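Please look over the structure below.

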Amino acid sequence: MSDVPTEGETRTYTRTFTERDVEQFADLSNDRGTHHEERDEAGRLVVHGLLTATLPTKVGGDLNVLARSMTFEFRRPVYTGEKIECVVTLDSVDPGEKRIEVGASMTCHNESDELVLTGEFDGVIFR
């Protein structure tokens with residue numbers, strides 16, 4: 001198991017989504033909205049919102065969190081080729097004998113420091 005998180009701790013994950021990522025997610029999800037398959041004037045594709053939401057879930061996975069609930073607010077589109085940084089803050093950590101209850105919030109910004117995604121999740125880490 002990963003180390004036990006502490007309340008107030010932040011974890012950061014940064015990723016740049018590629019055209020191949022968008023194509024593979026479209027294949028997996030069957031979400032083939034034209035906004036994910038047609039390029040914008042700069043030649044980019046719009047990244048699926050739920051693909052963008054894999055940024056905080058990666059952090060949760062690093063902590064071995066079994067999620068109970070997740071909420072996301074998609075603030076602005078994310079495009080292929082943009083570097084996205086996601087910061088997850090552990091807002092609550094309640095250690096028990098067999099599991100640790102956690103609650104977290106997240107913010108994701110693009111390389112222009114524009115907010116693209118916010119949200120929260122809670123769940124458990126089994127000991």
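Is Asn-110 buried or exposed? Asn-110 is buried, at 5% relative accessible area. The model is a predicted one, and this value is computed from it. The cut-off for buried is under 20%, so Asn-110 qualifies at 5%.

Asn-110 belongs to strand 4. Its side chain has polar partners. One is the side chain of Glu-114, in a polar contact of 2.7 Å. Another is the side chain of Glu-82, at 3.3 Å. Beyond the neighbours within four places in sequence, Asn-110 is in contact with Arg-76, Glu-82, Lys-83, Ile-84 and Val-116.

## The largest nonpolar core

The largest nonpolar core has 26 residues. Within it, Val-88, Val-102 and Cys-108 touch the most other members.

What does Cys-108 contact, leaving aside its neighbours within four places in sequence? The list includes Leu-55 and Pro-56. It also holds Ile-84, Glu-85 and Cys-86. Glu-114, Leu-115, Val-116 and Leu-117 complete the set.

## His-36 in helix 2

His-36 lies in helix 2, which spans residues 34-37. His-36 is buried, with a relative accessible area of 6%. Its side chain reaches the backbone oxygen of Val-46 at 2.8 Å. The side chain of His-36 also makes a polar contact with the side chain of His-35, at 3.2 Å.

Which residues does His-36 contact beyond four places in sequence? They are Val-22, Asp-31, Leu-45, Val-46, Val-47 and His-48.

## Salt bridges

How many salt bridges does the model have? The count comes to 13. One of them joins the side chains of Glu-9 and Arg-11, at 2.6 Å from N to O. The two partners fall into separate accessibility classes, because the cut-off for buried is under 20%: Glu-9 is buried at 18%, whereas Arg-11 is partly exposed at 21%.

Arg-32 pairs with Asp-27 in another salt bridge, with the closest N and O atoms 2.5 Å apart. Here Arg-32 is partly exposed, at 40% relative accessibility. Asp-27 is partly exposed too, at 47%.

## A linked network

Salt bridges link Arg-68, Arg-99, Glu-101 and Asp-122. Within this group, the side chains of Glu-101 and Arg-99 meet at 3.0 Å, N to O. Glu-101 is partly exposed, at 23% relative accessibility. Arg-99 is partly exposed as well, with a relative accessible area of 36%.

## Gln-24 and Glu-120

Gln-24 sits in helix 1. Gln-24 counts as partly exposed, at 40% relative accessibility. How far apart are the C-alpha atoms of Gln-24 and Glu-120? They are separated by 26 Å. Along the chain, Gln-24 and Glu-120 are 96 residues apart.

Definitions and conventions
Residues numbered from 1 in each chain as written. Predicted model: local features only at pLDDT ≥ 70, side-chain atom pairs only at ≥ 80, totals over all residues. Heavy atoms only, no water. Salt bridge = Lys/Arg side-chain N within 4 Å of Asp/Glu carboxyl O. Buried < 20%, exposed > 50% of the residue type's maximum accessible area, 1.4 Å probe, protein only. Helix = DSSP H or I, 4+ residues; strand = E, 2+ residues; numbered from the N terminus. Polar contact = N/O pair within 3.5 Å; in protein donor to acceptor, adjacent residues only side chain to side chain. Contact = heavy atoms within 4.5 Å. Core = buried A, V, L, I, M, F, W, Y, C linked by side-chain atoms within 4.5 Å.
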